[in-house]
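Subject: Structure handover

Hello,

Here is the structure I said I would pass on. My notes on it follow below.

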Amino acid sequence: MANGPDGLKKAPHFLNGPEAACDITHSMCALARRDFSSQSTCLHRYATRRLSGVLHDSPAVLVAKYFPNIIEHRDLINLTCDRKIEALYFLEPSSEHGPFLSQMDHNRLQEYHAFGLEVYWVSGSTAA
């Protein structure tokens, strides 16, 4: 979202997954997505990869459902270095580790800090 008073109202939404709807069933798509190679019939494209093309004006604020995985992390570092994002808000920790951040997640937090990306955990259990 744009960093400003109406930023949230006008914020675009991006989802992980293919660019367009698949012609195959959910079960076949789930099977194909286990193959992360470029030859996969159902390419897994992370939403963070799509952000560079829409962020042009001033640095934006990224709101994510989960704390970024390693591939999304690389994209966020690149966007930060390109001055396209300045802050990350996430609602839930990694879905792989329950309600906690893993040691790798803590390492990623340190890298975000080193590159100047502000990070905020908006936890449902602590939000008023």
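In the contacts of the chain with a separation of 6 or more, residues 24 or more positions apart account for 76%. Please keep in mind that this is a predicted model.

Overall layout

The chain has 4 helices and 3 strands, and along the sequence they come in the order α-α-β-α-β-α-β. Of its 128 residues, 31% count as buried. The accessible surface is about 8900 Å², and 57% of that belongs to carbon and sulfur atoms.

In soluble globular proteins, nonpolar side chains tend to be buried together. Here the largest nonpolar core has 15 residues, and Leu76, Ile85, Leu88 and Tyr112 are those with the most contacts inside it. At least two residues of this core come from each of β1 (60-66), α3 and β2. Leaving aside neighbours within four places in sequence, Leu76 is in contact with Thr48, Leu62, Pro68, Ile85, Leu88 and Tyr112. That list includes Ile85, Leu88 and Tyr112, which are named with Leu76 among the core residues with the most contacts.

His73 lies in helix α3 (residues 70-81). It counts as buried because its relative accessibility is 5%, under the 20% cut-off. The side chain of His73 makes a polar contact of 2.9 Å with that of Tyr112. Beyond residues up to four places away in sequence, His73 touches Pro68, Arg108, Glu111 and Tyr112. Tyr112 therefore has a part in two of the descriptions so far: it is a polar partner of His73 and one of the core residues with the most contacts, while being buried is a condition for belonging to such a core.

Salt bridges

How many salt bridges does the structure hold? There are 2.

- Arg74 and Asp75 meet through their side chains, at 3.7 Å from N to O. Arg74 is partly exposed, since its relative accessible area is 42%, whereas Asp75 counts as buried at 5% relative accessibility.
- Asp105 pairs with Arg108, and the closest N and O atoms are 3.0 Å apart. Both of these residues are buried. Asp105 and Arg108 are 3 residues apart in helix α4, so about one helical turn separates them. Arg108 is also one of the residues that His73 touches.

Loops

Pro93 sits in the loop between β2 (85-92) and α4 (103-115). Is Pro93 buried or exposed? Pro93 is buried, because its relative accessible area is 3%, where buried means under 20%. Apart from neighbours within four places in sequence, Pro93 is in contact with Tyr66, Phe67, Gly98, Pro99, Phe100, Leu101 and Trp121. Pro93 and Lys65 are 28 residues apart in sequence, while their C-alpha atoms are 8.5 Å apart in space.

Tyr46 belongs to the loop between α1 (26-32) and α2 (47-50). With a relative accessible area of 13%, Tyr46 is buried. The C-alpha atoms of Tyr46 and Glu72 are separated by 6.9 Å, although the two residues are 26 apart along the chain.

Arg83 is in the loop between α3 and β2. The phi of Arg83 is near 60°, which is a positive value in a residue other than glycine.

Surface

Which residues form a nonpolar patch on the surface? They are Val63, Leu91, Tyr120 and Val122, and together they have about 290 Å² of accessible area. Tyr120 is found in strand β3 (residues 118-121). At 33% relative accessibility, Tyr120 counts as partly exposed, because that class lies between the 20% limit for buried and the 50% limit for exposed.

Regards

Note on methods:
Residues are numbered from 1 along each chain as its sequence is written. This is a predicted model: local features need pLDDT of at least 70, side-chain atom pairs count only at pLDDT 80 or more; totals for chains, interfaces and linings use all residues. Side-chain values use heavy atoms; hydrogens and water are left out. Patches are made of residues with over 30% relative accessible area and no salt bridge: like charges are joined within 9 Å, nonpolar side chains (Val, Leu, Ile, Met, Phe, Trp, Tyr) within 5 Å. Accessible areas come from the Shrake-Rupley method with a 1.4 Å probe; for residues, only the protein chains shown count as cover. A salt bridge is a side-chain nitrogen of Lys or Arg within 4 Å of a carboxyl oxygen of Asp or Glu. Buried means under 20% relative accessible area, exposed over 50%, partly exposed in between (1.4 Å probe, protein chains only). Contact means heavy atoms within 4.5 Å. A polar contact is a pair of N or O atoms within 3.5 Å; within protein, one must be able to donate a hydrogen and the other to accept it, and residues adjacent in sequence count only if both atoms are side-chain atoms. A nonpolar core is a set of buried Ala, Val, Leu, Ile, Met, Phe, Trp, Tyr and Cys residues joined through side-chain atoms within 4.5 Å.
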